[in-house]
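This report describes one protein model, going from a single residue to the fold as a whole. The sequence and structure come first.

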Amino acid sequence: MATNRPTAPSVSCVFVCHDGAGRVLLARRAAAARDEAGTWDTGAGALEWGETFERAVAREVREEYATEALSIETLGVRNVLRGDPVRSHWVAVVFAVRVDPDRVAIGEPHKFDALEWFAPDALPTPLHSQCAAGLALFREWLVRAG
């Protein structure tokens, strides 16, 4: 029986942008977003062939938020299985990315219709279904960083 599903999971670089003072940047997914329009989410993008994780994250930050990454730190890895039966399968490598809050802007208006800064304990709703797990890794990182 023929199937259109991939033969292996894709690799995604998920990034939690922060201002270095504890706030996180979230984007609201626009009506034309691939999924879960109207939800708030961190950034993410697919790792391209031959690309390092850091280059992928820096590229995606430029594309999505029209700014440069000031620092990039690895937070952890997640195995993301969505649907039952599984419709999508990603290996998500999650990063903390410090950016200048005065320089962020929506770089992909077809995907996002708002950008806002939030304290990690005062997040908007609704969140994208995958957002909480990445933010949990960020909170753990904040605790370790002291």
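Arg-29 is found in strand β2, which covers residues 24-29; helices (H or I, at least four residues) and strands (E, at least two) are DSSP runs, numbered from the N terminus. The model is predicted, so local features need pLDDT of at least 70 and side-chain atom pairs count only at pLDDT 80 or more, while totals for chains, interfaces and linings use all residues. Residues are numbered from 1 along each chain as its sequence is written, and side-chain values use heavy atoms, with hydrogens and water left out.

Arg-29 counts as buried, at 11% relative accessibility; buried means under 20% relative accessible area, exposed over 50%, and partly exposed in between (1.4 Å probe, protein chains only). The side chain of Arg-29 makes a polar contact of 3.3 Å with that of Asp-41. A polar contact is a pair of N or O atoms within 3.5 Å; within protein, one must be able to donate a hydrogen and the other to accept it, and residues adjacent in sequence count only if both atoms are side-chain atoms. With neighbours within four places in sequence left aside, the residues in contact with Arg-29 include Arg-34, Asp-35, Glu-36, Lys-111, Phe-112, Asp-113 and His-128; contact means heavy atoms within 4.5 Å.

## Loops and backbone geometry

Glu-36, one of the contacts of Arg-29, is found in the loop between β2 and β3 (40-41). Its phi is positive, near 50 degrees, in a residue other than glycine. Glu-36 is partly exposed, with a relative accessible area of 24%.

Two peptide bonds are cis. One runs from Asp-84 to Pro-85, with omega near 10 degrees, and Pro-85 is found in the loop between β5 (71-82) and β6 (88-98). The other runs from Thr-125 to Pro-126, with omega near -5 degrees; Pro-126 lies in the loop between β7 (112-118) and α2 (131-145).

## Helix α1

Helix α1 has 13 residues (53-65), and its end C-alpha atoms are 18 Å apart, in agreement with the 18 Å that it should span at 1.5 Å a residue. The expected span is 1.5 Å times one less than the number of residues. The buried residues of α1 are Ala-56, Val-57, Ala-58, Arg-59, Glu-60, Val-61, Glu-64 and Tyr-65.

Ala-66 follows α1 and is placed in the loop between α1 and β5. Ala-66 has a positive phi of about 55 degrees although it is not a glycine. At 45% relative accessibility, Ala-66 counts as partly exposed.

## Nonpolar cores

A nonpolar core is a set of buried Ala, Val, Leu, Ile, Met, Phe, Trp, Tyr and Cys residues joined through side-chain atoms within 4.5 Å. The largest has 17 residues, of which Val-24, Leu-26, Leu-75 and Phe-138 touch the most other members. At least two residues of this core come from each of β1 (10-18), β2, β5, β6, β7 and α2. The greatest contribution to this core is that of α2, with 5 residues.

Residues up to four places away in sequence not counted, Val-24 touches Val-16, Cys-17, His-18, Glu-116, Trp-117, Phe-118, Pro-120, Leu-123, Leu-135 and Phe-138. A second, separate core has 16 residues, including Cys-13, Phe-95, Val-97 and Trp-117.

## Cysteines

The whole structure contains 0 disulfides, a disulfide being a pair of cysteine sulfur atoms within 2.5 Å. The closest cysteine sulfur to that of Cys-13 belongs to Cys-17 and is 13 Å away, too far for a bond. Cys-17 is in no disulfide either, and the nearest cysteine sulfur to its own is that of Cys-131, 12 Å away. Cys-13 counts as buried, at 0% relative accessibility, and Cys-17 counts as buried at 1%.

## Overall fold

The protein has 2 helices and 7 strands, in the order β-β-β-β-α-β-β-β-α from the N terminus on. Of its 146 residues, 40% count as buried. Among contacts between residues at least 6 apart in sequence, 69% join residues at least 24 apart.

The C-alpha atoms fill a box of roughly 55 × 30 × 25 Å, taken along the principal axes. The radius of gyration is 15 Å, which agrees with the value near 15 Å for a compact globule of 146 residues. This radius is taken over C-alpha atoms, and the globule rule is 2.2 Å times the number of residues to the power 0.38.
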